[in-house]
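Here is a friendly walk through one chain, written for someone who likes to know the cut-offs behind the words. Have the structure open beside you as you read.

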Amino acid sequence: MEYNSNNYNEILKALDLPTFWEGRLKSKTTKKSAHSLRMLDHLGENVSGTAISHKLYSENTNVRKHAKSIFMKFSSYDSFKFLENDFDREFNALDEVRIHTSLVKRHNTKPLPLLMRWVNVAKNDNYKAFLISQIAFFKQEESASDLLKLYQETNTIVVKRAVVETLGSFGYRPASSVFMEDFNYVDRSIQSAIVDSLGSIGGEDTLSFLEKLYFATENKELLISILSTVYTIDTNKTTYNRIKAQIDSDFEKQIVGYVELGVN
């Protein structure tokens, strides 16, 4: 059966459900407020940002954060204001889900503003990294040059890694030389992200770098990632076969089998 949004909205109006839950939201009982917010969230476009505005500054953390995310989703005025000030205290994974859901909802209506605006003012590194991941998700490639500048300026692992992953998803070629020059001076988790990112960017310079890196590294997980990346982007398999011809350890032979079986 097809979902008839017009009938659904008419039923909600006939039963006056938005008004009922908006009235119940005014309860001073946290449990009732939290339940009402969940229901209003489900009612979708029938709810206005104004309806939940008096819970935006609730002393209860869960109620306050949920109200902010709903406001962002449905408000017609200044709907992104809570992206400032790191969204809220003690930013966590649930906050990420709520914000992402709200951004998707807004994006389905019209293009989002550039999220780099809030990356630049964020103080919480985890929140900043989350926003960068959203830049990748919504394909805001206009921010690529600013992200590369941020990568060069920050020393925070979680932020650097998020930038590497995002620029890789864009296939942003100016980043490849920066990543390769920086490789030996960054955390292992960033190194792994760089290999994956270079695989997305591609190019002969990338193949040359990865070939040298393969014989220079002793990190077994990185060896797998490097060889898999080379196999994927080396269309004529010249570089891959050259590496393969020099492999003599049992472990590396297992990598070859894993890579060729996995990719094929």
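## Ground rules and a buried serine

A residue is called buried when its relative accessible area is under 20%, exposed when it is over 50%, and partly exposed in between, using a 1.4 Å probe and protein chains only. At 1% relative accessibility, Ser143 therefore counts as buried. Helices (H or I, at least four residues) and strands (E, at least two) are DSSP runs, numbered from the N terminus. Ser143 sits in the loop between helix H7 (125-137) and helix H8 (144-153). Contact means heavy atoms within 4.5 Å. Setting aside neighbours within four places in sequence, Ser143 is in contact with Leu114, Met116 and Ile135.

Please keep in mind that this is a predicted model, in which local features need pLDDT of at least 70 and side-chain atom pairs count only at pLDDT 80 or more, while totals for chains, interfaces and linings use all residues. Residues are numbered from 1 along each chain as its sequence is written, and side-chain values use heavy atoms, with hydrogens and water left out.

## The chain as a whole

The chain has 15 helices and 0 strands. Of its 264 residues, 47% count as buried. Among contacts with a separation of 6 or more, 63% are between residues 24 or more positions apart.

## The nonpolar core

A nonpolar core is a set of buried Ala, Val, Leu, Ile, Met, Phe, Trp, Tyr and Cys residues joined through side-chain atoms within 4.5 Å. The largest one here has 71 residues, and those with the most contacts inside it are Ile99, Tyr127, Tyr151, Leu167, Ile194 and Leu227. Helix H13 (residues 220-233) gives the largest share of this core, 7 residues.

What does Leu227 touch, leaving aside its neighbours within four places in sequence? Leu227 is in contact with Tyr214, Tyr240, Ile243, Ile247, Ile255, Val256 and Val259.

The expected span of a helix is 1.5 Å times one less than its number of residues. For the 14 residues of helix H11 (residues 188-201) that gives 20 Å, and the end C-alpha atoms are 20 Å apart, which agrees. The buried residues of H11 are Ile190, Gln191, Ala193, Ile194, Val195, Ser197, Leu198 and Ile201. They pack against H8, helix H9 (157-170), helix H10 (174-182), helix H12 (204-216) and H13. Just after H11, Gly202 has a positive phi of about 75 degrees.

H12 has 13 residues and should span 18 Å; its end C-alpha atoms are 19 Å apart, which agrees. Its buried residues include Thr206, Glu211 and Tyr214.

## Aromatic pairs

Rings of Phe, Tyr and Trp (its six-membered ring) pair if their centres lie within 6.5 Å; planes under 30 degrees apart count as stacked, over 60 as edge-to-face and the rest as tilted. The whole structure holds 10 aromatic pairs. In one of them, the rings of Phe91 and Tyr127 have centres 5.0 Å apart and planes at 75 degrees, so the pair is edge-to-face. Phe91 lies in the loop between helix H4 (61-74) and helix H5 (93-107) and Tyr127 in helix H7, so this pair ties together parts that are 36 residues apart in sequence. Both Phe91 and Tyr127 are buried.

The rings of Phe137 and Phe138, with centres 4.9 Å apart and planes at 80 degrees, also form an edge-to-face pair. Phe137 is partly exposed at 46% relative accessibility, whereas Phe138 is buried at 9%. Ring pairs also link Tyr57, Phe71 and Phe82 into a cluster.

## Charges over rings, and polar contacts

A charge sits over a ring if NZ of Lys or CZ of Arg is within 6 Å of the ring centre and within 35 degrees of the ring normal. Lys220 lies over the face of Phe251, 4.9 Å from the ring centre. The charged end of Lys237 sits over the ring of Tyr231, 4.6 Å from its centre. Lys237 is in the loop between H13 and helix H14 (238-245), and is partly exposed at 21% relative accessible area.

A polar contact is a pair of N or O atoms within 3.5 Å; within protein, one must be able to donate a hydrogen and the other to accept it, and residues adjacent in sequence count only if both atoms are side-chain atoms. The side chain of Lys237 reaches the backbone oxygen of Tyr231 at 3.0 Å. In helix H13, the side chain of Thr232 reaches the backbone oxygen of Ser228 at 2.8 Å. Thr232 is exposed, at 52% relative accessibility.
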